[in-house]
There are 4 protein chains.
Amino acid sequence: MADMADLNPIPDLLAGLYDGLAGDQSGEVATYIPQLSHADPSWFGIALATLDGHVYPAGAAERTFTIQSVSKPFVYALALAGCGLDAVIERIGVEPSGDAFNAIRLEPQTGRPPNPMVNAGAILTTSLVSWERIRAGLGAFAGRDLDIDLAVYDSERLTGDRNRAIAYLMRNAGSLTTDVDETLDVYFRQCAILVTARDLAVMAATLANAGVNPITGVAVVGPDVAADVLTVMATCGMYDFAGEWLLRVGLPAKSGVSGGIAAALPGQFGIGLFSPPLDARGNSVRAIAACEELSARFGLHLMRSPDSSVPSLADVVTARTVRSSAARTRTERDILTRSGGAITIRGILGDLGFATAERLVREIAEHLDGVSWIVLDLDRVGRLHPVAERLLDTLASRLADAGVTTVVTDRSSRGLLSYPDRQFVTRDEALTWCEDALLRRVTGTH
Amino acid sequence: MADMADLNPIPDLLAGLYDGLAGDQSGEVATYIPQLSHADPSWFGIALATLDGHVYPAGAAERTFTIQSVSKPFVYALALAGCGLDAVIERIGVEPSGDAFNAIRLEPQTGRPPNPMVNAGAILTTSLVSWERIRAGLGAFAGRDLDIDLAVYDSERLTGDRNRAIAYLMRNAGSLTTDVDETLDVYFRQCAILVTARDLAVMAATLANAGVNPITGVAVVGPDVAADVLTVMATCGMYDFAGEWLLRVGLPAKSGVSGGIAAALPGQFGIGLFSPPLDARGNSVRAIAACEELSARFGLHLMRSPDSSVPSLADVVTARTVRSSAARTRTERDILTRSGGAITIRGILGDLGFATAERLVREIAEHLDGVSWIVLDLDRVGRLHPVAERLLDTLASRLADAGVTTVVTDRSSRGLLSYPDRQFVTRDEALTWCEDALLRRVTGTH
Amino acid sequence: MADMADLNPIPDLLAGLYDGLAGDQSGEVATYIPQLSHADPSWFGIALATLDGHVYPAGAAERTFTIQSVSKPFVYALALAGCGLDAVIERIGVEPSGDAFNAIRLEPQTGRPPNPMVNAGAILTTSLVSWERIRAGLGAFAGRDLDIDLAVYDSERLTGDRNRAIAYLMRNAGSLTTDVDETLDVYFRQCAILVTARDLAVMAATLANAGVNPITGVAVVGPDVAADVLTVMATCGMYDFAGEWLLRVGLPAKSGVSGGIAAALPGQFGIGLFSPPLDARGNSVRAIAACEELSARFGLHLMRSPDSSVPSLADVVTARTVRSSAARTRTERDILTRSGGAITIRGILGDLGFATAERLVREIAEHLDGVSWIVLDLDRVGRLHPVAERLLDTLASRLADAGVTTVVTDRSSRGLLSYPDRQFVTRDEALTWCEDALLRRVTGTH
Amino acid sequence: MADMADLNPIPDLLAGLYDGLAGDQSGEVATYIPQLSHADPSWFGIALATLDGHVYPAGAAERTFTIQSVSKPFVYALALAGCGLDAVIERIGVEPSGDAFNAIRLEPQTGRPPNPMVNAGAILTTSLVSWERIRAGLGAFAGRDLDIDLAVYDSERLTGDRNRAIAYLMRNAGSLTTDVDETLDVYFRQCAILVTARDLAVMAATLANAGVNPITGVAVVGPDVAADVLTVMATCGMYDFAGEWLLRVGLPAKSGVSGGIAAALPGQFGIGLFSPPLDARGNSVRAIAACEELSARFGLHLMRSPDSSVPSLADVVTARTVRSSAARTRTERDILTRSGGAITIRGILGDLGFATAERLVREIAEHLDGVSWIVLDLDRVGRLHPVAERLLDTLASRLADAGVTTVVTDRSSRGLLSYPDRQFVTRDEALTWCEDALLRRVTGTH
């Protein structure tokens, strides 16, 4: 019998990805500070973190490097969590600018930076969060305490003149209100935090998991903050490559000058990559290529609808109106015989979101002729989105007004629906419930 | 008994949205051509089109207006379909620029416009498609023949000096290679095409439906083109409001100066809105507000993971390893008794995408000790994404190599998986199949 | 005896300049239209026109070429003459922009081009003047009828997309109010006017000569217009080389893509140059070099004060208070003896501008003790500027109030001063006048 | 008899200017630092300094204020004097940019600021000069030791964030190579130097006087530096008003935020003005108005040719060919009788620059028939420019080759011409000299 670990194809897929790209020699290691220039161009690590906390590594997934600009979305998340979206958006825009990372375009008059992913916006973001909170927060995203590379930090301080310029411009415009040296000190520390590709994968997975670290279970930020950060990453995360990145890869992501990229697919996973050689836009060559290949091979793209091999909705929503002659079980038959009416059983397969719920609701409403009992069979539903829940709630209460009794089946009485007086039952219980109700009606008891 | 049509809450929701916003008096009707300035500021229409072809209207959803810039993504789709993404991207970038719709920023040297949603890019896009194709194509998106408002067309021609300037700049730079007057003539015609909010909803739904018009069933463009267009709408569709729009609304969208907006959620629906008064950025005030409210109320946001009321993955993938002592049915017990082994039944609820498939594969691989038969119970799976299918395929073939027999249950023998030698069975058949196989093994027959 | 013509060193100087630069092979002939690309890179002409109408030629000073952008200041002069400075400045700014010739930067909101020397401003300028006026006006500047190169005109029309773009932008902004095609037609004609280096020299000399063509004597434009045009040439004439040009050469000038340059020193001369090879900024390499050398060798620079070998002002204003004992002539002695007083004779050498007049006035006022007659000896004054005249006028009238008699000597009774009751006399007459006045006083007659 | 001081009209003119503008209430006092905001809006001082060191004051010409940006051209002069033009121009451009004073546009790649009059260029200029040199140098320009306003200096340091930003940008680009804090400390000190309108007038007059302080006689910088600084002031001194300023006023000038302006007319005078209320561009309202009025009233404009009331050149160059029959004196007659030939006496009136010298040379060369002696009568020449001197030199040496004897008259044997063997004589001496020469020829002696 084979090694059971080999049964999982994911490690092989990542290893294949790694092998295919490891030989790519293109790109240049960043040299603006000596510490970065010492990076070995052959370093290459990939990690994929699932939302239940499993991490698949490939290559040098455990090699540490300074996080640099990949810190930006996570510190932005902390700022949003601390100050609220409206307060932060008043200070830092969310518009992609098509500019390079170190652009100095600020909003006229206000000095508001265009978005938190360019240096100006990132520095202003940092000014909204304390160093202690940044260090602890990034550690919470990664699920472990993170160290700082003091040599890189020192070098950044020595060579950070452009960032000083940007900070002073914002201070002059009144958009930055904290001390420039102190704020940049925190910013340089933040950029010098040491992470691994594995860390970036977990950090991204935390965003993909509505802000909950999938390993530690800690809710680092709330689900709204996670969604907001992913959105800003989608439009602004890859600088002047943002548009083409989203087109080709379709994942919210952020890159850094040390060669790291963090990317996430909401509700699915997070990935972390690391390879020092950069392309002309300052994005890691191998990391970009790996993401493109992952996305293309697996269709992991925000905008990709499932292709035609996927069953259409017509197969997903099932309907059966049971009359006594066609009762499947004795209980059904008994019920139907006694009621003299019909019970519609509407089953739903798969996740129940807006579109599926809308279809369910519409079909029930359109085909209710003579039906007095409806069984909503949610036994085979995976995830029930709030919008679907609300639509079903409204429908059930309207059905009640119309004299139709609704019974919701639920394989484990999970309480999927929240309207106060509804009944959560198993499928068998649903039928029993119907029987009892009918008996009560027939016998005149209540 | 109530009017059955009233049972569906969606029309009421849209009507409520309409009523809440109809009284909003803010914004200014565009006046740059007389025809637009004649618009009644109170006009307001909403339509939502589902992917199975149902359209919910509210307000003046059937009032015609000129499509203006909302034509851009659809003509871009036609250009992509005709020329291919790489050829088009070489001519027109896909980077959000943070600029207003009529910006004249072109790429230095090449004169390449930044993206197809600003006028420069849209004009260049138009130059790649014939007028016949545009008119037929937009009609195919809408599912009906579309007329042109000749008075608006004439006015646009008279006042189109800025567009002439942009076109001549591109021609001078060599990026536009067609005749300026002829190209602009087509562009002005394209902008003067008459649509309704209902049309925009269907057009957007076609993009959300992988390029297939949900009413006519016509595949207007391929699924890749639809995804590419939605991506570009997500980053560039709302001009210098694109970032905040995606943050607040979370839907790929495109607006026009006549007051229209088309928006889509991939795989879910399309919406069309129309209300002439515009805000300072040129977006319809009521249409924006309606989209924000729709998104907020229903959580219709690309980046919003289901919130905490949604069952976690732990509830979605179920596992049961059945030993004879715990057999649920006689058949099971018989099988297990005879085999002296164990059968793992892995059930999956909901849609099966990358993340769920990964979890399933991983858990099977990790808990295979002593198991010789695996039943993959897909009976309650809604949609099966190709990536999940490939992962399960690979797993099954590796399990076969390891001497483990895999049986896939499928409620209707849909043939979800594609590996050649697998068996598609119902749940009961699966157990019967196992029994037979065991009997053969026990009795030495094959 | 040598040929008398050889006595004049100027032809030799220009010939030396020509010889020194003729071998310079650097620069590229403009190729954007075929007609320009056919130019022979070795063509090189220089001409210097004096304000009394003499022209010194060197090299191919009579070879015709299209005037191109060198037409801009002259058409601007016609616009100023026709509309007045304030009306023109409201439509076209006068600010140097540091931009290249074909920049499209317009003033936000108004669409006003920055200055009349970039294409945008030049096109708007052309829209203010009729073609007939332009052709006649440029001919008047040159002192002869000018032809048009129709092949170049046709080519410009075919390739003028950038200018069309600029024109449409201005029309869209409302700054250009005429028909684009008609205006550009005139503009392209204007650029295709055929001139020689000699023509450019005469045209520039006309500006330097307060608007009067030094050969024909025709006042093409008024002195204010000529001064305004020279000022705008000084700051904006050489595009993004304007500042360094003024620093190194110090002459208001305008260059064109066909290799022409016209430059002028107000009140001194005009020069015209022609050599097709251009530098990266689009200025003729040899023409630039020739101007730099001319300026450096002769100190022909607006800002160059005479150097230290020039006599200081102290030598220029002379003062002599004559008492009888020191009388230089018998007449003087007689006068002084009889008056018992003193006569101050203030002589002035050179041109009498503000600074010299101020000094004269001040010294007279400060040293008037006991003086009852003042002779202002203007016998050796060259040019008398109006400001000096006004200052002397005021002084004389104040002296009269103070009981001091002023007599102005003037070698030819030119009537330099304009105050009503003054006397214009020769030097001898002045003394005679004084004598008579004294006699009358002494004898009591009046 | 009136007070003799009242005879000079200049004080009254300045007083009239002062009175006419003192009541103007428009403009706003700068408030970006408290010290400037305390300025009394009614303060208004004017001073005019002549090149022989006289200063005319009007209003608060002795009130001190901080020099601010008016320091820029003078520190630039010190940098040019210390490093040479080419070295400085490599670091700081000289192109007008049409930008506001605090623009941050730097040359791409090099980070070179566009010119020394915007803050970026001024800071870089300051980095080239030591504080001791700046303080001493500005004192030398003003002719007295200058103090610093320490409160303003402190405030500038506190609020100088934009300048810090600019400096760090330049340092980042490699154009600024000194320490930012130290350089800005000097820059803030330089801006806080206390001056009066009188000081500014003397400083400007020093530039107008070829770098020599007209009061102290100290050569603060050389004549080339003075000319270069005046040129840069002409194109860049008034920020985005530079073009219109030069058009309307026609004087190189520099303004500052405290309300000062220094302006100069090369070879004529310097003026200093002070009035705190500023217009929207940051230029003193009253100072601008005063300069415009001064220029308009007196025609003090670089480009204004003398108007038509000025004698034409035809009157300026005189020619008389004396033959014996027309001899004016006995000596002349004797000479001419003996020589049997003719003597041409060419007199010149006024200043002798390029244009006049050219005319003189040309006329002599053209009318030499039969002439064997030429007397160049420079007795009535004011200033003799080097270019004229060189032309006459060349002519004389060519005449000698042609057998013509040249005699130069000079009222005071100033030695105007420099060719080795020429004779400097008075007019009478010239004739005597001719007589002797003739006698020697006639008698055969040498």
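Mentor: Start with the term. A salt bridge is a side-chain nitrogen of Lys or Arg within 4 Å of a carboxyl oxygen of Asp or Glu. Side chains of opposite charge can pair when their charged atoms come close. This is a predicted model, where local features need pLDDT of at least 70, side-chain atom pairs count only at pLDDT 80 or more, and totals for chains, interfaces and linings use all residues. Residues are numbered from 1 along each chain as written, chains are lettered from A and ligands numbered from 1 in written order, and side-chain values use heavy atoms, without hydrogens and water.

Over all chains, the structure holds 52 salt bridges. Take A:Arg144 and A:Asp199 to begin with: their closest N and O atoms are 2.6 Å apart. This pair links distant parts of the chain, 55 residues apart. A:Arg144 sits in the loop between α6 (131–142) and α7 (150–159), and A:Asp199 in helix α10 (residues 197–208). Helices here are DSSP runs (H or I, at least four residues), numbered from the N terminus. A:Asp199 is buried at 2% relative accessible area, while A:Arg144 is partly exposed at 35%. Buried means under 20%, exposed over 50%, partly exposed in between (1.4 Å probe, protein chains only).

Next, D:Arg248 meets C:Asp86 at 3.2 Å, N to O. That pair crosses between chains, from helix α12 (residues 242–248) of chain D to helix α4 (residues 85–91) of chain C. D:Arg248 is partly exposed, at 28%.

Then look within one helix. C:Arg157 and C:Asp154 pair at 3.7 Å, N to O. They are about one helical turn apart because three residues separate their positions in helix α7 (residues 150–159) of chain C.

Finally, A:Asp52, B:Glu358 and B:Arg362 form a network of salt bridges.

Technical notes:
Helices (H or I, at least four residues) and strands (E, at least two) are DSSP runs, numbered from the N terminus.
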